[in-house]
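Reader: Before I set anything up from these coordinates, I would like to go through the charged pairs, the helix packing and the backbone with you, one question at a time.

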Amino acid sequence: MIWFLIVLGLLALVVVYDLVQRKHAILRNFPVIGHFRYMLETIGPELRQYIVTSNDEERPFSRDQRTWVYASAKKQNNYQGFGTDNEMELSPNYLVIKHDTLGHPGTATETDPQWRLPCAKVLGGPRGRRLAFRPDSVVNVSGMSFGSLSSAAVEAMNRGAKIAGCLHNTGEGGIAPYHLHGGDLIWQLGTGYFGARTADGGFDLAECVRKVEQHRVKAIEVKISQGAKPGLGGVLPGAKVTAEIAGIRGVPEGKTVISPSGHRTFSNVDELLDFVEKVADATGVPVGIKSAVGLPGFWVELAERMASEDRGVDYIAIDGGEGGTGAAPPSFADHVSLPFKVGFTRVYTIFAERGVHHDVVWMGAGKLGFPETALLAFCLGADMIAVAREAMMAVGCIQAQRCHTGHCPTGVATQNKWLVRGLDPTDKAARLASYVITLRKELTRLSHACGVEHPGLLRADHMEMLDDHFGGRSLRDVFGYQPGWEIPSEQDAAAVIADMQGR
C-alpha cells in the first residue's frame, strides 16, 4: 500500500510540473502521457532500424549492407539464399556487373588466406619520391581522428590494419599513441596541422619530419576538404581538449580549438604544389591530397600545371558528398559537394584529357566499402578505396547515429570512459582485418568473373547502370569516358600482375 501511495504521489508531482511549465505545449496539454511522446522520439531511430524498415530502406546503410559487414567481420556466413530481393529492372541507377561469359581460370591468389590485392601503381613512383612504394592493399582505412573516435576504436583499427596489411589514415587529429600498434599510417594534415603545428597554428616542417622518422608513416595526405562538410572548419570544444588530446594535437589544454576552413600555408594551386614538394623532399614519403569536388577551376589548373611542370601530387583522394563525418550541419552534409560517382569522374576526366592521370594514384571514398560499389570505383579509374563508416561497423558501430552527441552506445565514437571500456581492441582488430580481407576476396572473385586478374584492370564497360524503363547504359556512356582512360598503363598492369603472382 505504501508503494502505491509513493507512486501516486510521484505521478501527482509530475502532473503539477507538466501543467505549470511553459516550455513544452504537449506536456501542458497531456500531462504524464506526453512524456511517452518524447521517449518514443528518442528511440525512434532504433525502432525504425530494427522493426519498421525493410532490408533495403534504411539510410545511410541498409540492413543488408550492415549485415554483410558484420558477418564478414565475424567470419560468419555472409551469403544469402533464394536469390535477390532487389527490384533490378525497375530501380533507377541499379548497378550490374557485366561478367565475361567464359570467366577466368583463377590463379594462386584464390588460395591466399589474406587475399592480398596490391595497388596497380607505385605510390610516389612517377615523381621519384625517395620512399615510394606499392601499397599492399587496394582497401584501406580512411581518415578518422582520435577525438572523433575513441582510443579503443583507433587502436582496434590500427591493429587490424597490421593484420590485414592495409594502410590506416590517422585523420586530421594527429598521430596518437593508439595509432602505434604496428599498422602502416597515412598521416593526414588538415588545416589545423595537428601534430606538426607551431604555437600560432602554422605548419612546423621540422616537427613533421621528426614524426615521420619516428613512426610508421608511409605517406602524407594534405586534407583540403571532406565530402560531408567541405569548406567548413572543425570545432573541438575546450571541455573535450584533455591533456592527452592537447599533447597530441599541439594545442593548449582546456581551450576550444577551431580548425580554419582553409589552409594558412597555401591559398592557390601554385602554393599548394610548392607545399607538397617541400614536404615530400623533406620527409621522402609520397604526398597526396584529399578533397571533395565542387567548382572545377582548381582541378583544371592542377592538372595543367602537372602536365607542364615537374611539380605534382602523388595521389588524389576524392571524397564523395555521401561520405561520413562525426558532426556536420545538415545543409553541408546533405547539399554541399558532389557525390562520388559524379565528382570523381569529373576530376578524372580533367586529368585524363591532359594525359597525366597515369602519374597519380587515385583513391575513392564515400560508401565504397562493399563489393559492388568498390568495383564501380575501380571501373571508373580508382586505384584504391578508403573505408570509414564500414570500418566503424566492423569494430562494432550499430549505426545509432549518435556520433555528434558523444554518447555512442558501442564505444566507437565517444570519449565516455564507461562506454569505451566495452570495446575490446584486440577482438575488434581481428574483425576489422576479417572485413578488409573479405572485401579484397570479393573484389578478386568479381574481377575474375569479369575475365581480368586485378580490379584495377577493369574497364568502364564492365558495369552498367539500369534505369527504370527496362534499359541501361555502360559507365563509359554515362560518364563520357574515352576508351582506355580508366585502366593503368601497360607497364603498371604487367608489374602488378607479376607482383600478385610472386614473380
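Author: A salt bridge here is a side-chain nitrogen of Lys or Arg lying within 4 Å of a carboxyl oxygen of Asp or Glu. Please keep in mind throughout that this is a predicted model.

Reader: Under that rule, how many salt bridges does the count come to, and which residues are linked in a network of salt bridges?
Author: The count by this rule comes to 26 salt bridges. Some of the residues involved are joined in a network, and its members are Asp270, Asp274, Glu301, Arg305, Glu309 and Arg311.

Reader: In which helix do Glu301 and Arg305 both lie, and what is the N to O distance of their salt bridge?
Author: Glu301 and Arg305 both belong to helix α10 (residues 297-308), where they stand 4 residues apart, about one turn of the helix. Glu301 is partly exposed, with a relative accessible area of 31%, and Arg305 is partly exposed as well, at 22%. Their side chains meet in a salt bridge whose N to O distance is 3.0 Å.

Reader: How many residues apart in sequence are the parts that Arg116 and Asp499 tie together?
Author: The side chains of Arg116 and Asp499 meet in a salt bridge of 2.9 Å, N to O. Arg116 sits in the loop between β1 (94-97) and β2 (139-141), while Asp499 sits in helix α18 (residues 490-500), so the parts tied together by this pair are separated in sequence by 383 residues.

Reader: Are Arg476 and Glu486 buried or exposed, and how far apart are their closest N and O atoms?
Author: Residues under 20% relative accessible area count as buried. Arg476, with a relative accessible area of 11%, is therefore buried, and Glu486, at 1%, is buried too. These two residues form a salt bridge in which the closest N and O atoms are separated by 2.6 Å.

Reader: Turning to helix packing, at what angle do the axes of α7 and α9 cross, and is the crossing left-handed or right-handed?
Author: The axes of α7 and helix α9 (residues 269-283) come within 9 Å of each other and cross at roughly 45 degrees. That angle makes α7 oblique to α9. As for its hand, the crossing of α7 and α9 is right-handed.

Reader: What is the phi of Tyr193, and is Tyr193 buried or exposed?
Author: Most residues other than glycine have a negative phi. Tyr193, in the loop between β4 (184-189) and α7 (205-214), has a positive phi near 50 degrees. With 0% relative accessibility, Tyr193 counts as buried.

Reader: Which residues form the nonpolar patch on the surface, and what is the relative accessibility of Leu13?
Author: The patch consists of Ile2, Trp3, Ile6, Leu10 and Leu13, which together have about 590 Å² of accessible area. Leu13 lies in helix α1 (residues 2-20). Leu13 counts as exposed because its relative accessibility is 58%.

Notes: Residues numbered from 1 in each chain as written. Predicted model: local features only at pLDDT ≥ 70, side-chain atom pairs only at ≥ 80, totals over all residues. Heavy atoms only, no water. Patch = residues over 30% accessible without salt bridge, like charges linked within 9 Å, V, L, I, M, F, W, Y side chains within 5 Å. Areas by Shrake-Rupley, 256 points an atom, 1.4 Å probe, with all protein chains shown as cover. Helix = DSSP H or I, 4+ residues; strand = E, 2+ residues; numbered from the N terminus. Buried < 20%, exposed > 50% of the residue type's maximum accessible area, 1.4 Å probe, protein only. Axes fitted to C-alpha atoms, helices over the stretch in contact; angles between N-to-C directions. Parallel < 35°, antiparallel > 145°, perpendicular 65-115°, else oblique. Left-handed = near helix turned anticlockwise from the far one by under 90°.
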